[in-house]
Amino acid sequence: MINSDAKLITDLSNPEMMPTRDGYGKGLVAAGEKDERVVVLCADLTESTRVEAFKDKFPERFIEVGVAEQSLVTVASGLANYGKIPFISSYAVFSPGRNWEQIRTTVALNNVPVKIAGHHAGISVGPDGATHQALEDIALMRVLPNMIVVVPCDVIEAEKATIASANNAKPTYLRFGRDKSAVFTTPETPFEIGKAIVLRDPASAGQVANDVAIVGCGMLLYNALVAAEELSREGIECMVINSHTVKPLDGKTIIEAAQKTGAVVSVEEHQIAGGLGSAIAELLAKNYPVPQEFIGLQDRFGESGTTEELIKACGLGVTHIKDAVKKVIARKNK
Amino acid sequence: MSNYISENKIEELEIKANEARELVIEMLTEAGSGHTAGPMGMADIFTALYFHVLNHDPKNPDWAERDRLILSNGHICPIRYVSMAMSGYFPIEELKTLRKFGSRLQGHPERERLPGLETTSGPLGEGLGQAAGIAYGARMSVKGGSASGGDKFRVYVIMGDGEQDEGNVWESAMFVGKNKLSNLTAIIDRNNIQIDGMTEDIMPLESLRAKYEAFNWHVLEVDGHNIEAFVDAIEEAKAIYEKPTVIIAHTIPGKGIPEIEFDYTWHGKPPKPEEAKKFLHELRTLGGKIKSEHQ
């Protein structure tokens with residue numbers, strides 16, 4: 001059963017569709033209104049990274065650096081060093097892809113509160129093809145000390161994450177998608193960086209023991225919820241956990257879920273190497289090892305296509321999640 | 001004769017620069033690793049900065065109105081550490097901890113470990129962007145009427161010449177030029193060497209002047225061992241408010257010790273103890289020009 005504390009939309013079968021980047025744009029304006037230290041830097045992608053509204057509202061706090069992602073982050077580091085709260089906006093393949101070492105040295109090691117917004121992450125970039133589909137960015141950011149990594153699941157959570165990151169005084173990576181995706185949380189859904197949200201918890205309805213915990217981040221969590229509902233009809237019960245913060249991982253919630261269910265499926269629109277699934281595996285190997293299956297890109301690049309086509313081709317769909325759940329149950333019961 | 005610095009002051013700084021070179025040799029020898037050529041070549045400029053140019057307070061390194069000195073080519077940090085110790089940021093004895101475990105004097109400088117460093121640096125090409133961010137932020141604050149001291153200070157950034165190979169430098173040079181950040185002055189240590197050889201062999205930089213001019217900078221060139229000329233250039237830069245200024249400071253790598261001067265192989269190694277003894281003697285006798293070592 002859907003956890004009522006998660007305050008999700010009432011009819012999960014028919015969600016509104018909006019891109020998470022819209023939430024970033026809205027969140028920036030709200031953060032800018034609240035704190036005059038908030039500044040936004042962009043590398044020639046104003047419209048597609050949704051920073052126009054901020055630019056229109058606070059033109060004196062908007063900085064265009066051109067197609068220059070290394071300069072983007074080093075200038076932001078200087079601004080943060082001086083006391084500003086800079087958000088840098090580009091596509092994730094370029095930032096943090098191209099400028100990773102600048103982020104490592106001048107943001108993470110320097111320990112200044114630059115907010116890196118990686119847009120067009122995941123294969124849902126679609127027709128632009130593999131060059132523009134960032135599938136490695138979570139890995140790149142979560143290996144850096146001091147760095148916080150947040151992957152919002154929908155447009156509403158994206159807005160909350162943007163606003164929350166403005167106040168956390170830490171280097172922070174925020175990941176956003178290009179395409180429209182299901183809006184299944186609500187303004188009332190709780191959000192706190194570092195605190196995972198249990199979206200579905202059969203035990204709370206007094207049902208039989210859960211079988212699997214699906215732990216995910218980003219827009220694929222909607223597929224996870226749909227898969228869990230369908231599996232329920234087959235007698236398989238899944239917890240679904242929104243681990244929007246990949247770093248620091250909410251170890252307590254995830255270990256408890258592993259203890260309760262004895263099996264985990266991780267779900268993310270990212271390479272299976274180095275992403276959320278890896279973070280969960282590291283956590284559980286040390287604390288409570290259980291069988292785990294990984295939904296994500298299996299060491300391959302994406303390609304051009306619609307989101308729907310690519311989700312299917314890359315093994316990220318509802319059926320793939322259901323298959324992974326069944327596979328992990330078989331391993332658990334062996 | 002300079003309008004900006006007295007002859008007595010110049011003489012005082014020249015003596016200090018020589019002391020700084022001795023401390024650089026001593027600390028590098030003690031460390032057993034590190035870079036020699038750059039710090040020796042930049043001793044005059046660092047001395048001029050810390051003891052004449054910069055508006056700073058060693059007892060209050062976070063003072064909001066301090067001039068910011070960003071060291072982009074972090075590997076020459078021994079001369080910065082020496083200048084900081086000599087001006088009172090920390091005891092001279094601490095220089096001996098360079099590159100040792102637990103030291104605040106890391107092999108490449110780290111902002112969070114030692115107050116007064118401003119930034120963490122070493123990986124090349126990143127200082128200009130950070131200096132630009134500080135300069136831009138300072139200017140924003142003035143416009144916005146914030147009392148953050150943004151109009152009270154200047155931003156200086158020191159870069160190496162080999163570092164000019166980095167694309168990041170030119171991305172940021174464009175940004176600084178576009179925004180006419182005249183509150184920023186860049187200083188390039190033009191010593192013509194880098195790790196693998198002479199800059200013009202590895203990847204020619206000339207005309208460096210024309211490159212920066214094309215990026216909408218005001219360009220000055222000085223003898224980096226002539227403190228008076230350097231101070232004059234710094235003052236000229238303050239008067240140019242339509243453009244940022246870069247001072248290309250021609251220096252001799254390893255300056256002060258004839259057998260290592262101009263030799264690129266001294267870029268990244270320290271003196272051995274027996275070499276250090278000889279080098280210190282040369283510095284203390286000004287290359288044999290005076291008979292007895294001063295102490």
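I began with the overall size of chain B: for 295 residues, a compact globule would have a radius of gyration near 19 Å, and chain B has 18 Å, which agrees. A reminder to myself that this is a predicted model. I then looked at the box filled by the C-alpha atoms of chain B, and along the principal axes it comes to roughly 55 × 45 × 45 Å. Chain B holds 10 helices and 7 strands.

**Entry: the sheet of chain B**

I traced an open sheet of 5 strands in chain B, in the order β1-β2-β3-β7-β6, with parallel pairing. I found β1 (68-71) and β6 (218-223) of chain B at the edges, where each pairs on one side only. From one strand to the next the twist averages 20°. I picked one pair to follow up: β3 (residues 184-190) and β7 (residues 245-250) of chain B run parallel and are joined by 6 bridges. As a spot check, I looked up B:Ala186 and found its bridge partner in β7(B) to be B:Val246.

**Entry: the sheet of chain A**

Next I turned to chain A, where 7 strands make an open sheet in the order β3-β2-β4-β5-β7-β6-β12, and here the pairing is mixed. The edges are β3 (62-64) and β12 (245-247) of chain A; each has a single partner strand, so one side of each is left without a neighbour in the sheet. The twist averages 20° from one strand to the next. I followed β12(A) to its partner, β6 (residues 148-150) of chain A, and the two pair in the antiparallel sense over 2 bridges. Within that pairing, A:Val149 has A:Lys247 of β12(A) as its bridge partner.

α3(A) packs on it, touching β2 (38-42) and β4 (85-91) of chain A, and its direction makes about 170° with that of β4(A). Helix α6 (residues 155-166) of chain A packs on the sheet as well, touching β2, β4, β5 (115-119), β6 and β7 (172-175) of chain A, and its direction makes about 170° with that of β7(A).

**Entry: a helix pair inside chain A**

I looked up α7 (residues 220-233) and α11 (residues 318-332) of chain A: their axes come within 9 Å and cross at roughly 60°. The two helices are therefore oblique to each other. Their crossing is right-handed. α7(A) brings A:Asn223, A:Ala224, A:Val226, A:Ala227, A:Glu230 and A:Leu231 to the contact, and α11(A) brings A:Val318, A:Ile321, A:Lys322 and A:Val325. By class I get 7 nonpolar, 1 polar and 2 charged residues.

**Entry: where the chains meet**

I moved on to the interface, where 24 residues of chain A are in contact with 25 residues of chain B. On the chain A side, α3 (69-82) and α4 (100-109) are the elements that give two or more residues. α3(A) gives the most, with 10 residues. That side of chain A divides into 8 nonpolar, 13 polar and 3 charged residues.

So what does α3(A) pack against in chain B, and at what angle? I found helix α6 (residues 167-178) of chain B, at about 70°, with the axes 8 Å apart. That makes α3(A) roughly perpendicular to α6(B). This crossing is right-handed. The residues that meet are A:Gln70, A:Ser71, A:Thr74 and A:Val75 in α3(A) and B:Gly167, B:Asn168, B:Glu171, B:Ser172 and B:Phe175 in α6(B). By class, this contact has 2 nonpolar, 6 polar and 1 charged residues.

Notes: Residues numbered from 1 in each chain as written. Chains lettered and ligands numbered in written order. Predicted model: local features only at pLDDT ≥ 70, side-chain atom pairs only at ≥ 80, totals over all residues. Axes fitted to C-alpha atoms, helices over the stretch in contact; angles between N-to-C directions. Helix = DSSP H or I, 4+ residues; strand = E, 2+ residues; numbered from the N terminus. Parallel < 35°, antiparallel > 145°, perpendicular 65-115°, else oblique. Left-handed = near helix turned anticlockwise from the far one by under 90°. Contact = placed C-beta atoms within 7 Å. Nonpolar A, V, L, I, M, F, W, Y, C, P; charged D, E, K, R; others polar. Pairing = 2+ DSSP bridges. Rg over C-alpha atoms; globule rule 2.2 N^0.38 Å.
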